Amino acid sequence: SSSTLLYKDMVANHFMPENKESFVHLDLPVIDLSWKRERARKLIVRAFKEFGFFKLINHGVSKDIIYNIEKESKEFFSLPASEKQKAGPPNPIGYGSKKIGFNGDTGELEYLLFHTNPSSIYQRVRTLNREDPRNFCCAVNNYVEAMKELACEILDMLGEGLGLDDKRTFSKLVRDEDSDSLVRLNHYPPYYGNSEDRLSISKNKDDKVARVGFGEHSDPQMLTILRSNDVEGLQIQSPTNDRVWIPVKSDPSAFFVNVGDALQAMTNGRCLSVRHRAMANTRRSRLSTMFFAAPPLHACISPLPEMVTLENPQKYRSFTWDEYKKIMYSLRLASNRLNLFQLD
Ligand code: GA4
């Protein structure tokens, strides 16, 4: 795990055919939460600076919490469409199918999106005609609580690793009772494709038709924690070559953690909010769950004074999370929205 080559160099040295997308099979940086804190925080900082992503193992989240949310998610998505639609349309939270955001983006998935406060989750789930919505709520709430703790622990280690005056600067925003954190359940149904699609879509090496399930984008929030079942799909764009995609092997026992735009801004560009996408190319359903750790709407997002130096002058102007959200919902999924806040 203590490789000497930087990940970005490994990607940069990779042979690239002209004008073609290419795939590099790399192992993501791995962080083991049972390591000594000193070591874990050093490698978290390194992973976020070079890659924007890492895989988290020995995270200590109970198997029951994980099992229950996956079970409820599976049950929800197997309901008849008319039932699921009662929790929609997404405004932007709620149940959605194929439509992503408000500006014409689509994907091969259906999803549930919630604010993470218990009453918001209950309000949404209540409308479903289920035997007992409390089971669903309970599973989501327990998962959210575990993810919030985990996100804050990672953010505190990052704060220490970056040498912030107040090591809790990041986690305080997420722990704030007005935090705008979200939880998302995605379901990518198996995709077989039809003969017309086969002509226009390249086949991967297993001769299965590859199709984008959720198009390339960066996450707007501070930190994302993703978990999926054992069906592969996540791909990460190389931070140094936007035509190179890095497929991530699925690991249901691990979490995948990535930097969002707000954290890139606060760290003045040190931590990278890297673009990623999900493919729906398999014969089995992919189920994934994301926790998006976000600040409150009124919070001011600005490069922290410790992150601004002579060699690394202030890169972004400050903005409120509310302002950022308004702009992100006015743009397409793939937009480089943080660029609009760049100082030059
Ligand atoms: C991407 C990350 C999260 O899934 C999300 C998405 C949101 C949505 O689906 O409502 C957005 C997308 C995401 C970024 C740009 C805007 C907003 C769809 C879209 C086109 C919930 C989020 O916060 O931003």
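**Entry 1: K98.** I looked up K98 and found 11 C-beta neighbours inside 10 Å, so K98 counts as exposed (buried means 20 or more other C-beta atoms within 10 Å of its own, exposed 12 or fewer, partly exposed in between, with C-beta atoms placed from the backbone). K98 lies in strand β4, and its phi is positive, about 65°, although it is not a glycine. I took helices (H or I, at least four residues) and strands (E, at least two) as DSSP runs, numbered from the N terminus.

**Entry 2: the model.** I note that this is a predicted model, where local features need pLDDT of at least 70, side-chain atom pairs count only at pLDDT 80 or more, and totals for chains, interfaces and linings use all residues. Residues are numbered from 1 along each chain as its sequence is written.

**Entry 3: N268.** I checked N268, which is not a glycine and has a positive phi near 55°. I placed N268 in the loop between α9 (261-266) and β12 (276-279). N268 counts as buried because it has 20 C-beta neighbours inside 10 Å. Most residues other than glycine have a negative phi, and most peptide bonds are trans.

**Entry 4: cis peptide bonds.** I found a cis peptide bond between G88 and P89, with omega about -5°. Another cis bond joins N91 and P92, with omega about 0°. P89 sits in the loop between α4 (81-84) and β4 (94-100), and I located P92 in the loop between α4 and β4 as well.

**Entry 5: the sheet.** I traced an open sheet of five strands in the order β1-β10-β9-β12-β7, with mixed pairing (two strands pair if DSSP finds at least two bridges between them). Its edge strands, β1 (22-23) and β7 (212-217), each pair on one side only. β1 and β10 (residues 244-247) run parallel and are joined by two bridges. For S22, I found V244 as the bridge partner in β10.

**Entry 6: α2 and α6.** I looked at helix α2 (residues 37-50) and helix α6 (residues 133-161), whose axes come within 8 Å and cross at roughly 85°. Axes are lines fitted to C-alpha atoms, for helices over the stretch in contact, with angles from 0 to 180 degrees between N-to-C directions. α2 and α6 are therefore roughly perpendicular to each other (65 to 115 degrees). I listed R37, A40, R41, K42, I44, V45 and F48 of α2 against I154, M157, L158, E160 and G161 of α6 as the contact residues (C-beta atoms, placed from the backbone, within 7 Å). The residues of this contact of α2 with α6 divide into seven nonpolar, one polar and four charged (Ala, Val, Leu, Ile, Met, Phe, Trp, Tyr, Cys and Pro count as nonpolar, Asp, Glu, Lys and Arg as charged, the others, Gly among them, as polar).

Technical notes:
Parallel < 35°, antiparallel > 145°, perpendicular 65-115°, else oblique. Contact = placed C-beta atoms within 7 Å.
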